[in-house]
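Hi,

Here is the structure I promised to send over.

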Amino acid sequence: MLELRNVSKRFLGIPAVDNVSFSARAGEVTGYLGPNGSGKSTTMKMITGLIGLGCGEILFEGKPIQRDLIAYKQRMGYVPEEPHLYTHLSANEYLVMVSELRNLAAQEAGERIDGMLRLFALHDDRHAPISAYSKGMRQKVLVAAALLHNPDLILLDEPFSGLDVGSALVLRSLIQELAARGKVVLFSSHELETVERICSHVVILHRGKVVADDSIERLRTLMALPTLEEIFSQLAVEQDSVAISRQIADLIHA
Amino acid sequence: MREEPIERLQFGVLYRAFLLRVVDLEILSAQGDVVKLLGQFASLLAAISFFFTVPLILVGGRLPQETLWTMEHVLIATTMVVVGLFSVLSWDSIFPDRRDVLVLAPLPVRARTLFLAKLGASLTALSVSVLALNIFTGLVWPFLFSPANGGGFAAIRSLAAYWVTVFAAGAFIFCSGLGVHWLAAQLLPRQQFLRLSAFLQVAAVCLFLSVYFLEPSLETPAALTAPQNQQLLAWLPSYWFLGLFQELNGGGSSSVSMDSAFVPLAMRACTGLAIAVLGSGAAIMLSYFRTLRKIVEEPDILPGSRRMNWSPPLANSLQSAIALFSVRTLLRSRHHRVIFSFYLGIGFAIVLAYMKPALGPHSSPHVAATAPVSVPLLTASILMMCVVVTGMRIVFSMPIALRANWIFRITETRKAPEYLTAIRRTLLWISCFPVWAVFAMLFLAIWPLRFAAGHLVILGLLGIIFTDLSVHGFQKIPFTCSYLPGKGNIQLVFWACVVLLPLTYAAARLEWQALQNLSRYVFVVVILSIAAGWARWRTAASARSAKALNFDEVPPVDILALGLRTDGEMLPEQS
């Protein structure tokens with residue numbers, strides 16, 4: 001289980017994440033939602049160890065991750081929000097490099113890489129430089145790199161970005177399958193429809209604070225709202241979207 | 001709104017943006033100051049200018065005519081080599097890159113505005129370089145170059161002639177370099193051109209530096225007028241511009257015999273300049289607009305070889321990952337290749353400079369390249385090792401795709417010392433070993449086995465020492481950490497290199513003596529082994545104490561905070 005206890009982070013004195021606590025259990029997909037600037041990606045980066053904790057604690061299987069960050073990273077896979085890759089490498093070279101950095105056995109890693117490239121329909125382009133890849137292809141490379149070492153904790157930050165319909169369907173099923181096999185999956189996305197389909201539990205963040213942490217079913221019942229989108233709008237969207245869109249249209253007409 | 005003012009406005013905006021991007025801002029640390037970096041380079045050029053003014057101060061301005069001609073030639077040639085290197089480094093920045101095109105293409109900006117802004121920014125940077133390089137020399141030497149008893153008018157004429165000549169010489173080299181580059185862009189498919197471009201850049205750096213260090217000294221009336229030298233002079237552009245300066249300065253007309261030497265050279269300078277400017281202009285016009293489209297349509301890198309799965313014989317997967325990543329980055333990133341080729345060019349020029357006396361007529365038996373052991377060759381090999389290791393270490397600190405380094409952070413699943421060992425081995429493999437191997441082939445071919453093997457042992461030990469000194473405190477995976485300009489003192493490094501050259505020659509003399517005597521040789525090897533052991537121990541100790549790798553370079557704090565609370569208690573992390 002992944003657990004965050006009173007986690008906070010400030011940038012130049014401004015709180016980006018404020019006293020956030022929640023847990024993501026093995027065997028289920030936890031959705032992590034929030035509008036832009038709500039602190040989702042900052043939390044994700046703290047969970048991955050990319051940025052330090054301001055205060056609070058992050059525990060994985062009951063142990064603070066900072067106590068043995070190396071052991072923790074060996075069990076974690078991460079798909080970042082932006083597809084930043086070394087584009088001078090080919091997908092094959094990139095994945096081999098990741099497997100070597102993760103100290104996977106060469107033969108086993110080779111078989112996994114080959115299999116992943118085939119299943120993600122990248123095999124024909126495996127020797128082409130990533131600079132020549134489309135956004136969706138890059139996203140597939142990121143997903144493959146995150147899963148290569150069979151991690152126990154999978155952190156997905158906007159993993160569907162740029163994927164075509166077919167690939168998105170595969171990834172959606174894959175996330176559910178991985179959770180069913182006992183992995184802890186934390187899934188951050190703006191696509192509420194997808195979240196509603198694959199997540200059993202959601203955490204909604206607004207202005208750095210948790211405003212909801214429950215199963216989607218219970219949230220629906222508690223708030224007497226039929227969809228996650230409406231729940232989200234009620235909890236985390238302050239603006240009147242119709243009024244704002246009208247104002248923008250007026251502004252460019254003026 | 002009229003079209004012309006919009007274009008002018010767009011030009012101004014783009015010109016300012018491109019001028020600051022002469023240095024790739026993407027590689028800089030968040031705290032990096034690009035102005036400071038550019039200022040350091042300008043001050044280095046000004047220091048070179050001052051260096052060339054020192055002899056004048058020492059002799060009090062009284063110099064014979066032939067020395068003045070030599071100085072005229074040295075100043076022109078130095079300007080040409082600096083501009084030549086600048087043109088090589090800016091080959092890529094004059095063409096818009098993929099990012100420029102993707103950002104600007106959707107905007108209503110004409111290709112010609114983009115092109116003129118890029119060209120304008122490059123020419124401004126070039127002009128500032130020429131100005132900085134001649135800031136002292138260009139204000140002092142021309143007064144000595146003016147014809148004797150010429151008065152104030154002659155001095156002003158000499159000053160004007162000097163500046164016209166250095167800018168013309170700079171323009172010639174700049175346009176020639178870019179012309180060749182753009183012609184290649186025009187004739188070849190873009191991906192093949194990108195590959196060839198890298199080799200052209202390395203070749204151009206080596207050519208400029210080799211010509212600068214190796215061109216013969218012909219600044220005497222006898223040499224300039226000798227019929228056997230005319231063919232050589234026709235191929236040496238720095239002498240063309242010496243002729244141009246003499247003609248503009250009125251120095252050539254003072255003697256009919258010298259006029260006959262300088263006029264053809266000056267004519268050749270004018271013709272060469274016209275051809276270079278017109279040729280590069282035509283090549284630009286032809287290639288620029290075609291290239292813009294190709295930049296978006298075609299990837300910058302060709303697919304690698306499908307069957308190449310070679311991996312260096314390294315101890316573990318981490319070392320293999322870091323070594324392969326480094327090699328691939330160096331081979332595929334033009335930016336890094338150019339910077340490394342600059343150091344390689346310096347090393348190559350030093351080798352040639354030391355080979356020059358060894359290959360020519362000589363009086364001393366220890367100088368000849370074919371002698372049992374040649375001191376210049378010993379010196380050249382040691383300096384080449386030093387330059388290549390240092391150059392590679394500097395290139396290692398320049399990142400590629402800084403935002404992609406998260407993968408190394410996420411996969412940092414081993415302790416920092418293991419990474420530092422891998423980094424040291426990578427540097428040994430890709431800088432020290434190739435230099436050692438090339439010189440091994442050369443020395444084993446031309447020297448007796450005993451001497452060749454003896455020197456190769458010493459060269460190997462020196463390579464290990466240089467490598468360990470280079471990686472001491474370097475807690476970064478190559479090409480992954482942001483670059484903080486101004487950390488190294490360029491001026492100090494430059495003057496240290498100036499001092500290092502004669503010291504290395506003296507050390508090579510000692511080695512030459514040691515190679516003739518077994519007990520001395522053993523003594524030298526023991527001393528170097530101890531030094532190598534100490535350097536290794538020092539690096540290993542530093543690596544053991546390293547807690548984490550560095551991915552973002554931050555400047556040292558100017559003020560040391562004591563971290564005292566109001567009640568005088570220390571903060572936990574500082575107590």
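Predicted model: local features only at pLDDT ≥ 70, side-chain atom pairs only at ≥ 80, totals over all residues.

A salt bridge is a side-chain nitrogen of Lys or Arg within 4 Å of a carboxyl oxygen of Asp or Glu.

Residues are numbered from 1 along each chain as its sequence is written, chains are lettered from A and ligands numbered from 1 in the order in which they are written, and side-chain values use heavy atoms, with hydrogens and water left out.

Phe136(B) sits in the loop between α6 (111-133) and α7 (137-145) of chain B (helices, H or I with at least four residues, and strands, E with at least two, are DSSP runs numbered from the N terminus). Phe136(B) counts as partly exposed because its relative accessibility is 35% (buried is under 20%, exposed over 50%, partly exposed in between, with a 1.4 Å probe and protein chains only).

Now the sheets. Chain A has an open, mixed sheet of six strands, in the order β6-β7-β8-β3-β9-β10 (two strands pair if DSSP finds at least two bridges between them). At the edges are β6 (76-79) and β10 (209-215) of chain A, each with a single partner strand, so one side of each has no neighbour in the sheet. Inside this sheet, β3 (residues 29-33) and β8 (residues 184-188) of chain A run parallel and are joined by four bridges; Thr30(A) has Leu186(A) as its bridge partner in β8(A). Helix α1 (residues 40-48) of chain A packs on the sheet, touching β3, β6, β7 (153-157), β8 and β9 (201-206) of chain A, with its direction at about 150° to that of β7(A). Contact here means heavy atoms within 4.5 Å, and axes are lines fitted to C-alpha atoms, for helices over the stretch in contact, with angles from 0 to 180 degrees between N-to-C directions.

There is also an open antiparallel sheet of four strands in chain A, ordered β2-β1-β4-β5. Its edge strands, β2 (14-24) and β5 (63-64) of chain A, each pair on one side only. α1(A) lies across β1, β2 and β4 (55-60) of chain A, at about 120° to β1(A).

Last, the charges. The whole structure holds 19 salt bridges over all chains. One of them joins Asp152(A) and Arg75(A) at 2.8 Å, N to O. Asp152(A) is partly exposed, with a relative accessible area of 28%. Another pairs Arg328(B) with Glu93(A), the closest N and O atoms being 3.5 Å apart. This pair crosses between chains, from helix α14 (residues 317-332) of chain B to helix α3 (residues 91-101) of chain A. Both Arg328(B) and Glu93(A) are buried.

Cheers
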